[in-house]
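Here's a quick briefing to read with the model open beside you. Take it topic by topic.

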Amino acid sequence: MKRPEGGEWEADLTDEWKTSPRPGWEYRGIGPYRNRYWAYSKEKMRQFVHEGRLHYVSTGMPRYKRYLDEMPGVSLQDLWMDIFPALGKERVGYPTQKPLALMERIIQSSSNPGDIVLDPFCGCATTLVAAEALSRKWIGIDLSSLAAKLVKRRLRDQHGLFGQIIDRTDVPARTDLGDEVVLAEYKGTLYGEQEGNCNGCRHHFQYRNLAVDHIHPRAKGGRNHAHNLQLLCTSCNSAKGVGTQEALVAKLKEQGVRYDYGGSR
Ligand SMILES: C[S@@+](CC[C@H](N)C(=O)[O-])C[C@H]1O[C@@H](n2cnc3c(N)ncnc32)[C@H](O)[C@@H]1O
Ligand SMILES: [Zn+2]
């Protein structure tokens, strides 16, 4: 875009004396400002005239015309007034939806094509749509069921942008934990590791009175990996149920059954 002459897009044609005065001359009867000299030779000034590059202020002082497309411009500032809220057709029905143009600017200025964009509060997926359009990989997370519904709809409806959508609701299984152990065999190892103590109440029990428990319950995707197993006594086992280990420990402390002096697990 070219700017009309005038305004802030004019450049001074004079330069400051840094050390000693330079020989001065007049250009069409006008001299440089006090303590300054012409920054260009007479020949260069003639060339500027020829190219229509000079503009004159009321005193007759020449100024150099600068055009926007010749300048690197200024870096983006932290107040963005040129992006407007998502309106009309862009709106998908999520209360806090951000404009696509905003997410595109953020992604473009902070990543390269092929990078991974993570939005852990992705709402209705605006970031993901922008990332896909800009050839980034992406991961979106949100706890709201409305967001999940809208994300699915948006990914499906965003014409031609996304490929096949696979909608899975089962708990993903980890594949980075190595082989599972055989519980009956592993119980002995756990008894040794825990020195015969229940991992809930910390009381000592005979081998037969302790049972193998999944720290992260099987019902919620926990597997027979060594680090997910512990021995609990019957009472602690039923107190834990399908709750978390943290909840069990909190309950035992509250009941005064367990005291921690900075021990493990
Ligand atoms: C401001 S909205 C994001 C809007 C989004 N940029 C868009 O264009 O739709 C913030 C989101 O964070 C989600 N959220 C809040 N706490 C969360 C949490 N602990 N884990 C995941 N998402 C969460 C909310 O459900 C909400 O969708
Ligand atoms: Zn116990």
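Between which two strands does the loop with N35 lie? N35 sits in the loop between β2 (14-16) and β3 (36-38); helices (H or I, at least four residues) and strands (E, at least two) are DSSP runs, numbered from the N terminus. Bear in mind that this is a predicted model, where local features need pLDDT of at least 70, side-chain atom pairs count only at pLDDT 80 or more, and totals for chains, interfaces and linings use all residues. Residues are numbered from 1 along each chain as its sequence is written, and chains are lettered from A and ligands numbered from 1 in the order in which they are written.

**Domains**

- The chain splits into domain 1 (10-70), domain 2 (88-157) and domain 3 (183-254), with bounds that come from an automatic or database domain assignment.
- Between the C-alpha centres of domain 1 and domain 3 there are 85 Å.

**The sheet of β1, β5 and β4**

- Here we have an open sheet of 3 strands in the order β1-β5-β4, with antiparallel pairing.
- β1 and β4 are the edge strands, each with a single partner, so one side of each has no neighbour in the sheet.
- Strand β1 (residues 10-11) is joined to strand β5 (residues 62-65) by 2 bridges, and the two run antiparallel; strands count as paired if DSSP finds at least two bridges between them.
- In that pairing, E10 faces K65 in β5, and A11 stands opposite Y64 in β5.
- On the other pairing, strand β4 (residues 54-56) runs antiparallel to β5 and is joined to it by 3 bridges.
- L54 is the residue opposite Y64 in β5 there.
- The hairpin of β4 and β5 has 5 residues between the strands, and G60 in this hairpin takes a positive phi near 95°.

**Around ligand 1**

- There are 15 residues around ligand 1, and T96, F121, G123, T126 and S144 come nearest; a residue is near a molecule if its C-beta atom, placed from the backbone, lies within 6 Å of it.
- Sorted by class, this shell has 7 nonpolar, 6 polar and 2 charged residues.
- For that sorting, Ala, Val, Leu, Ile, Met, Phe, Trp, Tyr, Cys and Pro count as nonpolar, Asp, Glu, Lys and Arg as charged, and the others, Gly among them, as polar.

**Nonpolar cores**

- The largest nonpolar core has 12 residues: Y94, M103, I107, V117, C122, C124, A125, L128, V129, A130, A131 and V151.
- A core here is a set of buried Ala, Val, Leu, Ile, Met, Phe, Trp, Tyr and Cys residues joined through C-beta atoms within 7 Å.
- Buried means 20 or more other C-beta atoms within 10 Å of a residue's own, exposed means 12 or fewer, and partly exposed is in between, with C-beta atoms placed from the backbone.
- Two elements give two or more residues to this core, α2 (100-110) and α3 (126-133), and α3 gives the most, with 4 residues.
- Leaving aside residues up to four places away in sequence, A131 touches I107, V117, R136 and W138; contact means C-beta atoms, placed from the backbone, within 7 Å.
- There's also a second, separate core of 8 residues, C198, L210, C233 and L252 among them.

- All of strand β9 (residues 229-233) is covered, as 5 of its 5 residues are buried.
- That goes for both faces: L229, L231 and C233 are buried on one side, and Q230 and L232 on the other.
- β9 pairs with β8 in the antiparallel sense over 5 bridges, with V212 standing opposite L231 in β9.
- H227 is in the loop between β8 and β9, and H227 counts as exposed because it has 9 C-beta neighbours inside 10 Å.
- The C-alpha atoms of H227 and I215 are separated by 8.5 Å, with the two residues 12 apart along the chain.

**Loop residues to look at**

- N35 has a positive phi near 65° in a residue other than glycine, and N35 counts as exposed because it has 9 C-beta neighbours inside 10 Å.
- R202 also has a positive phi, near 70°, and isn't a glycine.
- You'll find R202 in the loop between α5 (183-193) and β8 (210-214), where R202 is partly exposed, with 19 other C-beta atoms within 10 Å.
- P120 lies in the loop between β6 (116-119) and α3, and P120 is exposed, with 9 other C-beta atoms within 10 Å.
- P120 and C233 are 113 residues apart along the chain, and their C-alpha atoms are separated by 39 Å.

Definitions and conventions
Two residues are in contact if their C-beta atoms, placed from the backbone, lie within 7 Å.
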